Each structure stands twice: as structure tokens, then as C-alpha cells.
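User: Please take a close look at one part of this structure for me. I would like to understand the salt bridges and the contacts around them.

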Amino acid sequence: MDKNNGAIYDARKLGKPKMIILGIQHMFAMFGATILVPIITGLDISTTLLMAGLGTLLFHCITKFKVPAFLGSSFAFLGGYAAIKALAPDDPNSMLPYACLGVACAGLVYFILAAIIKAVGIEKVMRFFPPVVTGPIIIAIGLGLAPSAVSNCTTNWLLAFVALAVIVIFNIWGKGMAKIIPIILGLLISYGVGLVLYFISQANPDLIQNVPWLFSGGADANGVYQPIFDFTSVNTICDNIAKGNIFGSEGLIGIPIHWEKTVFGGIDYSNTALIASSIIAIVPIAFATMMEHIGDICAISSTTGNNYIQDPGLHRTLTGDGLATTVASLFGGPANTTYGENTGVLALTKVYDPRVIRIAAFFAVGVSFFPIVSAIIGSIPSCIIGGISFVLYGMISAIGVRNVVENKVDFTKSRNLIVAAVILVCALGLSSDTVSFAIGSATITLSPLAVASIAGIVLNAIFPGKDYKFNTANASDAANFEKEVEPKEKKK
């Protein structure tokens, strides 16, 4: 049924072709950030895509197929990977399986919090997460991502503006299907404009250096402007296919799991000291990511108008996220986390059916077996990704603002002002390595968002004057989200 200004909760009414297109749109939204983690860490991109898709499907199974969340690569563990890789400076990538083991154990920590929530009840846990805490956290999630969007846009503002303008135009003035797939339309049109500029620059290479704002895709480390597109990987794969090399990581079909990079085949289990160091160094990061998870679920709940903290329950979403992270890490993939990019897509399209997310997950799994598809998607210029992210990240913050407004947070109270202020300043003002501490030979760094979440929770707990009570009896309770619920006697 349609609610909340035409929101669609059952996408089957749109028909299968349109649902598939919507699923592809969600896959494009998560692709850029998801593959960035393996690029930074040295993990395998195909494995990452496979585990993102499988992790999402696993999450949906555990959450009773109710939560429209996509699980992509988590950036929170980047410091952990770097710390473990530093233990073998001559061959840092050989340490990745050990880091993955630590991340797998971190995923299991989610089960502990989920068990506590199940045992003591959601009311006792959620009193630590009132709207004055979750609202600013959601705002910080979007604003924290904003610099990356702007940074990507700076490589070619023209193409970024084309992508952004197309999304805005079709989302506001579009009709029918065009109104709910503005991201794909923005991507295709800006990609097409980029190709025209690319081929013009290839015919006259001097244009790249002489008119970089129009014909380049940004400068390299030496300040030399580069073409808008880099088709190196695509050309390599096409050459191999033409030579008959069908199978392999640079062929038509490739196996996305590499045994020597998994926890099962890449670790010397007689080296107990290294194993223990890896686990001790990375597991504490889970406490920060669990706080981020709660903020993400609140954001998705606020977006869709469904109280997912109550049903299927926070204990289930935590279990799904943790288990997806553990499984992905065991097979050589990065940690998984609920993705803000896809929450932005939900807010933009108002199609809240989890089936669409699962379609995106199936596509991610399928793409992982075809390197050529990954290479083509990977060729999307960062400026186009930036233009798309420009609106998605802003929408996440807008959801946080709506969260605070709808729940009537009283900012005439000094306690509420201070809690919100500390959260925002910590999340947006701290650098990525401000809060760090050593455990053994490894250094643990908490992300600014994790610090902000912990600070907000602690301050709200110790300050007097709390005026919030979570009530699971009614999803329209002034908790973290609003949804009209008809009294039972009015239902037929």
C-alpha cells in the first residue's frame, strides 16, 4: 500500500522489470564505496562484492525480510587492517587473513549485545538512545560523508553537476518510472556526457591539460591532469577474452573466493601470538560499529516510517549485521555494515520494499563472478559518483533533522542542547586519528562518529532531566521514528 506522500511499501505493483531496475539502482549506489575498502586495504574486489550480496541476503533472512537495508564494506575497520599489516612491513598483504580473523571475531561481539537486548528487553536498552541522541547521530552520518562527495565532485564539477541536476529534475518533475529511478538516469546521462568529452579529448589530448575543468577527471599525485575515464582494466579483460582466456580474475568468468586469502587457507595457526594480537587489536572496534549500526537502523526507520527497533527488533538487526561481518571476513572479505548510500536512495525514491534491496544483493553476487562487469562499473568517474552522493548524503542528514523535529526534542533544555552539540562537534570536528590507544603492538583508532555516539550516549545517561520513554506498544510513540498505526478495533 502507498503511504506518506506516495511511498511504496510493496514494489510488486510496479512489475518485475521496474523492480529489477530499482535493484540495479541500489547496486550502483553502494558500488563506489564498497569497492573502495578493498582498494585501500588490498582485499579482493570480487570477494567484497560477493560477500556484500550474500551478507545482505543473510541479514534479510535474520530480520524476517522486513528491513530494507543493504550491507556494504565498512570503513570503521580500516585502522585495524592497517595495524595488522604493519606487523609485516616486507609483505603487508600476507597479514590480511589475520586481520580478517580479528574482524570475524569482532562480528561475533554483536551477538553479545543482541543477547543482552533480548534478555533485558528493548525498553531498557533504548532509553540510552532517545531522539536527542539518535537524531544528531543521523545528521552526523550524512555530514560526515559530505566531504568525500565534494572531493569527488572537484575532479570535474561539470559532470558532477550534470549527475546532480538530472537526479533533482527527474525526482521533482519526473513522471512514472522516471521519478523513482533518478539515480540510474543521472548516472547514464552524465556517463554519456562524459564519454562525449572523453572522445573529444582523445582526439585532441592537449585539451586535458589546457581545459582541465571540462576535459579532465582530476589530477594525479604529480599534478598532471588525467582523462575522465580510465578503461585500463576493461581493455585488459577484453584483450584476454579475445585471446580465449575465458576464466580467471581478468577473464570473462572468475571465482570470487581465493582460498589462500581466506581465514582457512591464509593463516599459520601455529603462530598463536600473531593470532592473539590480531584479535585483541581489532575486536574493540566492534563496540564503535555497534553504535553506528543503531544510528543506521534509526535512520532507515525514520526514512520508511517503520519501527524496525521494535519489529523485527534491534537484537535481530545486530545479529544479522554481526553474522554478515563474520561470514564475509572468514572468506577474505571486509566487514559489512548497513549502508547510508542506500538509505539515501530510499529517501529519494520512496520505494521502501526490502525486495528491491534483495534484488540489488543478487546483482552484487552475480557481478562478482564477471570481472568485466565489475571493471565497467568501476570505470564510472569519481566526479559522477560525487554528484550522485551530493544529494544522497544530504538526504541522510535531512532525515536526522526530521527525526528531531517530529519527535519534538525540546532544545530549550540545556541538557539536550549540550548532548546534541557534543555529538555534532565530535563527529564533524575530530580527525580520524584523534582518539587512539595501544593494545599490545597494535594501535586502535576510534572513528569520529564512534566517539560522538559514545559521548552522546554517556552524557544523556548521566545528565538529569530525561523526558523520554520508549514504548514498544505503539510504533507512533515519540521514539526514533513516526508511523501512523490504526487502533486494532478500526482494522478489518
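Analyst: What follows looks at the salt bridges, then at the aromatic rings.

This is a predicted model, where local features need pLDDT of at least 70, side-chain atom pairs count only at pLDDT 80 or more, and totals for chains, interfaces and linings use all residues. Residues are numbered from 1 along each chain as its sequence is written, and side-chain values use heavy atoms, with hydrogens and water left out.

Start with the term. A salt bridge is a side-chain nitrogen of Lys or Arg within 4 Å of a carboxyl oxygen of Asp or Glu. The whole structure holds four of them.

Asp10 pairs with Arg12, and their closest N and O atoms are 3.0 Å apart. Asp10 also meets Arg355 in a salt bridge, at 3.5 Å from N to O. Arg355 sits in helix H17, while Asp10 sits in the loop between E2 and H1, so this pair ties together parts that are 345 residues apart in sequence. Helices (H or I, at least four residues) and strands (E, at least two) are DSSP runs, numbered from the N terminus.

How open are these two residues? Asp10 has 22% relative accessibility, so Asp10 counts as partly exposed. Arg355 is partly exposed as well, at 27%. The cut-offs are these: buried is under 20% relative accessible area, exposed is over 50%, and partly exposed is in between (1.4 Å probe, protein chains only).

Now take another bridge. Asp311 joins Lys66, with the closest N and O atoms 2.9 Å apart. This pair links distant parts of the chain: Asp311 is in helix H15 (residues 309–330), Lys66 is in the loop between helix H2 (45–62) and E3, and they are 245 residues apart. Asp311 is partly exposed at 37%. Lys66 is partly exposed at 32%. Back at Asp10, shared partners join Asp10, Arg12, Asp353 and Arg355 into one network.

Next, the rings. Rings of Phe, Tyr and Trp (its six-membered ring) pair if their centres lie within 6.5 Å; planes under 30 degrees apart are stacked, over 60 edge-to-face, and the rest tilted. The whole structure has eight aromatic pairs. In one of them, Tyr9 and Tyr352 have ring centres 5.4 Å apart and planes at 70°, so the pair is edge-to-face. Tyr9 lies in the loop between strand E2 (7–8) and H1, and Tyr352 in the loop between helix H16 (340–349) and helix H17 (354–368), so parts 343 residues apart in sequence are tied together. Both tyrosines, Tyr9 and Tyr352, are buried.
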